[in-house]
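I opened the notebook today to look up a sheet and a handful of charged pairs in one model. The entries below follow the order in which I looked.

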Amino acid sequence: MDICHQILEKIKRYDTIIIHRHLKPDPDALGSQVGLKALLEHHFPEKTIKAVGFDEPTLAWLAKMDPVQDSDYQGALVIVCDTANTARIDDKRYNQGDFLIKIDHHPNDEVYGDLVWTDTNSSSASEMIALFAEKTQLALSDQAAELLFAGIIGDTGRFLYPSTTARTFRIVSSLREYNFDFASLTRKMDTMSFKIAKLQGYVYDHLEVDENGAARVLLSQEILKKYDVTDAETAAIVGAPGRIDSVSLWGIFVEQTDGHYRVRLRSKIHPINQVAKEHDGGGHPLASGANSYSLEENEQIYKELKEVARTNQG
């Protein structure tokens, strides 16, 4: 029995299913989590199925979470989507259920769960949920298709990233056949507020780029307050440096309220996830996250990024 049918068999055995995803969610985290919920509700209306986690204000238009009590976990099946390691799971009650399933497209650096499905060949966790529906012959609802479509669009950067495969396009094509407002969804995903547009201007004005294309910018608490943006909202400008032809890889250092820095790392070609792993992070080869606990560590991370760029010249 393949992994998708093993997961389906577990789903059939439980009356309550609680679905988690990672902290500080992006469209793929929500798309896979709530897309899976919509799929299961479509086929198992008699079951109690809940999505748990923090309601991210910037993505409230896409999906909202359910209230979940501690007692709901008793005898429940728990599924965690799009989360490589347990430290990043939103809501630490994920281990209070009867059985735990991990569904993720990141490298399986931390193995957790009673049943694990990881697929680094998938562009996104949303692609995996769509593939799960296909392999188990569970027809999607229009809502599920829309959520999964949004997740794939988000994690492929509108098919810009190398993780986009022929299968990705095939799955997206099948999702497009469902009845949802495609134009409205993609327009919403491509829209930014005026304050984010001004922050993007700040990024371009203050971006430091070395001779080999390694770039960085620091967004201090002072800057975040000046532009009236939250850490979550800065996700909208993470791809901005990559639009510059002379930039090959980059780091965006966002100061947190406790003084440490959330570091978003991106690269066009050369893997940077090893740098992330050396600094309390990880992720995909070309899209990773790290943490820095001082300005000195910021400098060290940028030094390592410059070395990656330098050694890959030519």
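Is Asp231 buried or exposed? I looked this up first, keeping in mind that the model is a predicted one, and found that Asp231 is buried, with a relative accessible area of 12%.

Entry on the partner of Asp231. I find that the side chain of Asp231 meets that of Arg264 in a salt bridge, at 3.8 Å from N to O. This pair links distant parts of the chain, since Asp231 lies in the loop between α8 (221–226) and β8 while Arg264 belongs to strand β9, 33 residues apart. Arg264 is buried as well, its relative accessible area being 7%, which falls under the 20% cut-off for that word. I also note that Asp231 and Arg264 belong to a network of salt bridges that includes Lys24 and Arg262.

Entry on the other salt bridges. A search of the whole structure gives me 20 salt bridges, and I followed up two further pairs. Arg170 and Glu134 meet through their side chains at 2.6 Å, N to O, and this pair too joins distant parts of the chain, with Arg170 in helix α5 (residues 166–175) and Glu134 in helix α3 (residues 125–135), 36 residues apart. Both ends are partly exposed, Arg170 with a relative accessible area of 41% and Glu134 with 38%.

Glu41 forms a salt bridge with Lys37, where the closest N and O atoms are 3.9 Å apart. These two residues sit four apart in helix α2 (residues 27–43), so about one helical turn separates them. Glu41 is partly exposed at 35% relative accessible area, whereas Lys37, at 12%, counts as buried.

Entry on the sheet. I traced an open sheet of six strands, in the order β6-β7-β8-β9-β11-β10 and with mixed pairing. The edges are taken by β6 (208–209) and β10 (282–283), each of which has a single partner strand, so one side of each is left without a neighbour in the sheet.

Notes. Residues numbered from 1 in each chain as written. Predicted model: local features only at pLDDT ≥ 70, side-chain atom pairs only at ≥ 80, totals over all residues. Heavy atoms only, no water. Pairing = 2+ DSSP bridges. Salt bridge = Lys/Arg side-chain N within 4 Å of Asp/Glu carboxyl O. Buried < 20%, exposed > 50% of the residue type's maximum accessible area, 1.4 Å probe, protein only.
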